[in-house]
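Here are my notes on the model you sent.

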Amino acid sequence: MLPRRATMASTLAAALALAAMWRPRGLLVACSAADLAHVPASRARSVRGGYLMTEQGQQLRSKHNPRPKTISRHRDATTGSPGAALPGREMAASATADAGAGLRSEFLQVLLSRRRDLQVPLLVEQGSPVKDPLYQKPLGPKEAVVMESCPRKEVKNFNEMLVEENFYLITELGEQGRVPVLLLKLNDPVPKRKPIIVFLHSSYKCKEWLRPLLEAYASRGYICVAIDSRYHGERASNETTYIDALKSAWRNGDTMPFIFDTVLYLSPVLKGFRWAMDNNKWQARVNSIKPLFEEARIDLGKSEIDTEVVTKVWEKIAPGLDSQFDAPYSLPLIAPRPLLLLNGAEDPRCPIAGLEEPISRAAKAYEESGSAEKFMFIAEPGIGHQTTVNMVKEASDWFDRFL
Ligand SMILES: *[C@@H]1O[C@H](CO)[C@@H](O)[C@H](O)[C@H]1NC(C)=O
């Protein structure tokens, strides 16, 4: 089915995208940097096993669930009725797995509801390097600095050793069904299995923006993949494509450009959307795609954007985002797969107070599945909605540890 030109790595990437669609296994770096900053590593507080710390070092959530008793100690009590006598850890894991399967299939139904007629068999098409990538907002002068801080390995003749592949994954009919992929890896004369990392750019940017990160990880032996989100990069025609798509989703309910369309390929949702509504903390998020909410405000005949406008917009363009698919329910389902969360402690778009519930639920799920060490949340003091040198380093260590 795949054209012969498609390389092994392309096939792997395709498989990864598909696998992630059904059950994300890999780790994902989502670079949600609106602004970038340099922060000395010493100022950060990192906490294992789901503890959430504030700048003052005060613990918001410090309940430590004792580790469940070991399975072997319970084995004798097994009665033969499956499930009935499962020891705590197994039962918790199986309950989580069931809940996970339910939520995943429900989510998939929502995602497919607007694209059921577009299904095609997965295909790979050859592409070529993008000379003039499309950014839908101007880049600041220091945009790339933080990513360039990502640790590299000294590689002789790095530029000659670097292999770049450009291709498209055809995932559905239509222009947006063509996923542009950029892959970087080292030309290694000894073929061996290598971990793949898939990177996702933030709003208004494109896969080429991530190049410094891809190169750094490639130097350390990873296969690095970046894709253009829907309505971004090669999937956009001009600087208003993303905003136009959001407005069209509001007007016509035809697609789900905000988060959901991207999640279909890759990532779990992490943001306390419901919390933001209940606590009147939605403004910063709304401001990041303001023209959409302005349009909705006018359509709803309101004089200002209020909680009702915001709720209606989410309902239309991302149904379930502030209810059944919100972070408190989606996040714990990632257990026991390794998960590192990095957030600015002062992030107005993803306020950490809104993460308290999702984080404590996730921490509990990791503890109950006996994998507390695979979950870490770091809230970096004094930092807003931005990526820092320290975050890049933490993510980099995490990948080395688990991949
Ligand atoms: C952007 O492209 C769309 C569709 O191709 C078009 O309708 C729109 O007018 C363009 N906008 C600008 C600002 O060029």
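1. A cut-off comes first. A residue counts as buried if 20 or more other C-beta atoms lie within 10 Å of its own, as exposed if 12 or fewer do, and as partly exposed in between. Take Arg297: it has 19 C-beta neighbours inside 10 Å, so it counts as partly exposed. Bear in mind that this is a predicted model.

2. The overall picture. The protein chain holds 15 helices and 13 strands. Of its 403 residues, 38% count as buried. Take the contacts between residues at least 6 apart in sequence: 79% of them join residues at least 24 apart.

3. Surroundings of Arg297. This residue sits in helix 11. Setting aside neighbours within four places in sequence, Arg297 contacts Lys302, Glu304, Ile305 and Val309. Glu308 lies 11 residues from Arg297 along the chain, and their C-alpha atoms are 9.4 Å apart.

4. Helix 11 against helix 12. How do residues 290-299 and residues 307-317 cross? The two axes come within 10 Å and cross at roughly 110 degrees. Helix 11 and helix 12 are therefore roughly perpendicular to each other. On the helix 11 side, Leu292, Phe293, Ala296 and Arg297 take part; Val309, Val310, Lys312 and Val313 meet them from helix 12. By class, this contact has 6 nonpolar, no polar and 2 charged residues.

5. A word on spacing. An α-helix has 3.6 residues a turn, so residues three or four places apart point the same way. Check the contact residues of helix 11 with this in mind, among them Leu292 and Ala296.

6. Helix 7 against helix 12. The axis of helix 7 (residues 241-252) comes within 8 Å of the axis of helix 12, and they cross at roughly 90 degrees. This pair is therefore roughly perpendicular too. Leu246, Ala249 and Trp250 of helix 7 make the contact with Val313, Lys316 and Ile317 of helix 12. The class count here is 5 nonpolar, no polar and 1 charged residues.

7. Helix 6. Is this helix mostly covered or mostly open? Mostly covered: 8 of the 9 residues in 211-219 are buried. The buried set includes Arg211, Glu215 and Tyr217. Among the elements that cover these buried residues are helix 4 (145-148), helix 5 (158-161), strand 7 (162-172) and strand 8 (178-186). Strand 9 (196-200) and strand 10 (223-227) also contribute to the cover. Just after helix 6, Gly221 has a positive phi of about 95 degrees.

Technical notes
Residues numbered from 1 in each chain as written. Predicted model: local features only at pLDDT ≥ 70, side-chain atom pairs only at ≥ 80, totals over all residues. Helix = DSSP H or I, 4+ residues; strand = E, 2+ residues; numbered from the N terminus. Contact = placed C-beta atoms within 7 Å. Axes fitted to C-alpha atoms, helices over the stretch in contact; angles between N-to-C directions. Parallel < 35°, antiparallel > 145°, perpendicular 65-115°, else oblique. Nonpolar A, V, L, I, M, F, W, Y, C, P; charged D, E, K, R; others polar.
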